[in-house]
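Welcome! Please take a look at the sequence and structure below, and then read on for a short tour.

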Amino acid sequence: MKRVLAVLLVLSLQGCSVAAITSLWPKPHDGAMFDNLVSTKIAVDKLNCDDKNWTDAENKIQHLKIYAELRNDPQAQSISQLQEAIGKAKSSTNKLFCENILKINKTRLDVVADAWRGR
């Protein structure tokens, strides 16, 4: 019986590529990426619109962005949008706009963390 099931499985998957099949599975846990996310979250949580010395957070976001892109992670686009938004907040002279962007993007990091939490 096991042989029959194995043969049926092989025949049914014969036309499917390995990439197509593995794209259906969630990405495995990546401890290094999650550690980068934690460091980035800590740095972004410390940002404020009165003191725009944000170099540390910007570097951590850049690192996380490149890492996620190289890994073809589904959250890479969200991290790229985070980087763009932080740049807009930093260049803004409107404090309320800056604070709102920071608030939204702190939530964005929480969403990324939720997506990675189950891995």
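**Two helices side by side**

H3 and H6 run roughly antiparallel to each other, since their angle is over 145 degrees. This is a predicted model, in which local features need pLDDT of at least 70 and side-chain atom pairs count only at pLDDT 80 or more, while totals for chains, interfaces and linings use all residues. Residues are numbered from 1 along each chain as its sequence is written, and side-chain values use heavy atoms, leaving out hydrogens and water.

**How H3 meets H6**

- Helix H3 (residues 31-45) packs against helix H6 (residues 95-117) at an angle of about 160°, and their axes lie 10 Å apart.
- Contact (heavy atoms within 4.5 Å) involves Met33, Phe34, Leu37, Thr40, Lys41, Val44 and Asp45 on the H3 side, and Lys106, Leu109, Asp110, Val112, Ala113, Trp116 and Arg117 on the H6 side.
- By type, the residues of this H3 and H6 contact are 8 nonpolar, 1 polar and 5 charged.

**A look at H6**

- The 23 residues of H6 should span 33 Å at 1.5 Å a residue, and this agrees with its end C-alpha atoms, which are 33 Å apart.
- Buried residues (under 20% relative accessible area, 1.4 Å probe, protein chains only) of H6 include Cys98, Ile101, Leu102, Asn105, Leu109, Val112, Ala113 and Trp116.
- The buried residues of H6 pack against H3, helix H4 (55-70) and helix H5 (76-91).

- Gln75 sits in the loop between H4 and H5.
- Gln75 counts as buried because its relative accessibility is 16%.
- Leaving aside residues up to four places away in sequence, Gln75 touches Val112, Ala115 and Trp116.

Technical notes: Axes are lines fitted to C-alpha atoms, for helices over the stretch in contact, and angles run from 0 to 180 degrees between N-to-C directions. Helices (H or I, at least four residues) and strands (E, at least two) are DSSP runs, numbered from the N terminus. Angles under 35 degrees count as roughly parallel, over 145 as roughly antiparallel, 65 to 115 as roughly perpendicular and the rest as oblique. Ala, Val, Leu, Ile, Met, Phe, Trp, Tyr, Cys and Pro count as nonpolar, Asp, Glu, Lys and Arg as charged, and the others, Gly among them, as polar. The expected span of a helix is 1.5 Å times one less than its number of residues. Buried means under 20% relative accessible area, exposed over 50%, partly exposed in between (1.4 Å probe, protein chains only).
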